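Here is a short briefing on one protein model. Keep the sequence and the 3D view side by side as you read.

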Amino acid sequence: MMMKTSTKEDRENASSGASSRRSPSGRLGVLIPGMGAVASTFIAGVEAIRQGWGLPAGSLTQLGKVEGKGNGDSWRVSKSLPLTGLEDLVFGGWDIFDESMLETARRSRVLDPYEIDRLAPFLDQIRPMAGAFDRNFVKNLAGKHIIESSSLSDRVEQLRSDIRRFAEQNQCDRLVMVWCGSTEVHTPESAIHQSIETFEQAIAANDPAIAPSQLYLYASILERVPYVNGAPNPGVEFPCFQQLALRMQVPVAGSDFKTGQTFLKTVLAPAFKTRQLGVRGWYSTNILGNRDGEVLDDPGSFRSKEVSKAGVLNGILSATEYPELYADLSHVVRINYYPPRGDNKEGWDNIDLFGWLNYPMQLKVNFLCRDSILAAPLVLDLVLLMDLAARNRRAGLQSWLSYFFKSPAVPSVETVEHDLGIQWRSLAEELEGFRALSHGVSLSAEVALDA
Ligand SMILES: NC(=O)c1ccc[n+]([C@@H]2O[C@H](COP(=O)([O-])OP(=O)(O)OC[C@H]3O[C@@H](n4cnc5c(N)ncnc54)[C@H](O)[C@@H]3O)[C@@H](O)[C@H]2O)c1
C-alpha cells in the first residue's frame, strides 16, 4: 500500500478541502532521527497522557489558551484548532544504537523507573531503524546501527524507503519528521548549498561536507514530509532546502528547541530593554551529564550549540539601536559535561547590568531544570502545528514557529526575532488565522459573531 501523503495528488486532495482543515482523519506518523532522551521522554509522555495519568505541562497545544481578537476572551487551542488527537499519533525513527524506547528511557534516567514500568509494553515495541551516520560529524559517539553504504545517494534512498515503509506498515495518512539527533559538528552554509542542483551534484559526488542531518532533511522534503530541526545543526535555512521545500510544497522549521537557559534569556533581555537598563556582560554556564552533554564535550559539536545559544542577545539588546546601553556587551556561553547530573541540567547566569548614572548591578539566575522534560512538550507542539500547517498548504520556512527555537530560521526577506513576547504574539496571530480558517469565516466576521 502506498502512503497517502507521498503522492502529490493525494497531498493536494488532503490539503485543499475545508473538511481536512477542520478535522484531520487518520493516523499521523511521527518520525524521529535520533531516538535518545528527548525522543523517549516525548513518546513515553504522550502514552502516559493517553493512558490518562500524565499531565501535558509545558504543551501549548494541550493546555494553552490564546487571547481572542477584539473581545478579550481567550480560547483553548486544543478545543478550537483542528489538531490531530494524541490517540492518532504513531511513533518511529532512526538511531545509531539498536535500543528499544524502553531501554533508552531506562538508560536516560529522565522518568521515574516505576513510571517507565507502567509504559513498558508500549515502549518496548518501538525500535529505531538503522541511522545514516558519519562519525566525522559526531565525534564522541561510535554508532553501530547504521546504514552500511558509503554512498550518500544510497543513504538517501534508504531513508526514503524507510519513510514509505513506516507509513505503509502503520497505516499513516500523514507524517511529520523531527530531528532529535545529536548536535553535529558545526558545518556552515557553503557553495554546495546554494541551489538544489549544486546540492544534488554534491550528493552524487559523495561530498564529505554533507552532514547526515542534511540527508534526513533532504529525504523528508522529497517524500513531502514536514520537517522540524530540534538541534542547532544548520540546514533548514540553507538556500537549497528552502528552494526544495517550496518546490515540493513542504513546511520546514527550526532550529534548536528553546527550553531552559535561552528561554529565560529571551524573557529577561526584553525586560531590561523596555526599562532602558544597560547590560555589560552576560555569562552563562551549565553542567549536564547526559549523552547530549557527552556529544557537546567535543569542540566541533559545542561550536554549533555556542553559535545557537550566543545569537539570541544581539537581536534583542542591539548595540546599533542603543549604543549607550549595549555597545560593549560581553556574552559568554559554556557547557560542561558532568556525568553525575545526567539529564538534570543546572544552568547559572551572571548578568552585569547598569542603571541610572551608570551604577552597576548584578543578577544571578540558577535554573535547576530537566532537559528532556522541558523539550518533550515542544516536540509534541511542533508535530501537531506542523501537521496543521501542512494541511493548510503552508510551505517553506515557518517563521511563526520561532517561539519554539533558539535559532529561528526565517526566509531571507524576514528578520530573526528572539524576544519571546514578540514571538508569542506572532504565533498567537497565526493560530487565530488557522482558527478562523477552520471555522470557515474571516477574522473580522468572527469578531463580529463573537461580540
Ligand atoms: N533537551 C533539551 O532541552 C534540548 C534543547 C535544545 C536542543 N536539544 C537537542 O536535541 C537533541 C537531542 O537531545 P537528547 O538529550 O535526546 O540527546 P541524546 O544524546 O539522548 O539523543 C540523541 C540521539 O541521536 C542519535 N544520533 C546521533 N546521530 C544520529 C544520526 N545521524 N542518525 C540517527 N541517530 C543519531 C544518538 O545515538 C542519540 O541516541 C540534541 O541535539 C540536543 O542538543 C535538546
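L28 stands opposite L89 in β4. This is a predicted model: local features need pLDDT of at least 70, side-chain atom pairs count only at pLDDT 80 or more, and totals for chains, interfaces and linings use all residues. Residues are numbered from 1 along each chain as its sequence is written.

- Helices (H or I, at least four residues) and strands (E, at least two) are DSSP runs, numbered from the N terminus.
- Two strands pair if DSSP finds at least two bridges between them.
- Strand β1 (residues 27-33) runs parallel to β4, and six bridges join them.
- β4 also pairs with strand β5 (residues 129-130), in the parallel sense, over two bridges.
- D95 has A130 in β5 as its bridge partner.
- β4 is largely enclosed by the rest of the structure, because six of its seven residues are buried.
- A residue is buried if 20 or more other C-beta atoms lie within 10 Å of its own, exposed if 12 or fewer, and partly exposed in between; C-beta atoms are placed from the backbone.

**The two domains**

- The protein chain is divided into domain 1 (4-257 + 373-445) and domain 2 (261-368).
- These bounds come from an automatic or database domain assignment.
- The centres of domain 1 and domain 2, taken over C-alpha atoms, are separated by 27 Å.
- In the contact, 26 residues of domain 1 meet 26 residues of domain 2.
- Two residues are in contact if their C-beta atoms, placed from the backbone, lie within 7 Å.
- The side of domain 1 that touches domain 2 has eight nonpolar, eleven polar and seven charged residues.
- Ala, Val, Leu, Ile, Met, Phe, Trp, Tyr, Cys and Pro count as nonpolar, Asp, Glu, Lys and Arg as charged, and the others, Gly among them, as polar.

**Around the ligand**

- The ligand is surrounded by 35 residues, and the closest are G34, G36, G131, A231 and R291.
- A residue is near a molecule if its C-beta atom, placed from the backbone, lies within 6 Å of it.
- α3 (37-50), β4 (89-95), α13 (291-296) and α16 (371-391) each supply at least two residues of this shell.
- α16 gives the most, with four residues.
- Domain 1 and domain 2 each provide at least three residues of the shell.
- By class, the shell has 18 nonpolar, twelve polar and five charged residues.

**An open sheet**

- Strands of a sheet pair through backbone hydrogen bonds, either parallel or antiparallel.
- Four strands form an open sheet with mixed pairing, in the order β10-β9-β11-β12.
- β10 (330-337) and β12 (360-368) are the edge strands, and each pairs on one side only.
- Nine bridges link strand β9 (residues 278-288) and strand β11 (residues 346-354) in the antiparallel sense.
- Y283 has N350 in β11 as its bridge partner.

**Backbone details**

- G254 and S255 are joined by a cis peptide bond, with omega about -5 degrees.
- S255 lies in the loop between β8 (251-254) and α12 (261-274).
- Q276 is a residue other than glycine with a positive phi, near 55 degrees.
- The loop between α12 and β9 holds Q276.
- Q276 is exposed, because it has 11 other C-beta atoms within 10 Å.
- N358 is also a residue other than glycine with a positive phi, near 75 degrees.
- The loop between β11 and β12 holds N358.
- N358 is exposed, with 9 other C-beta atoms within 10 Å.
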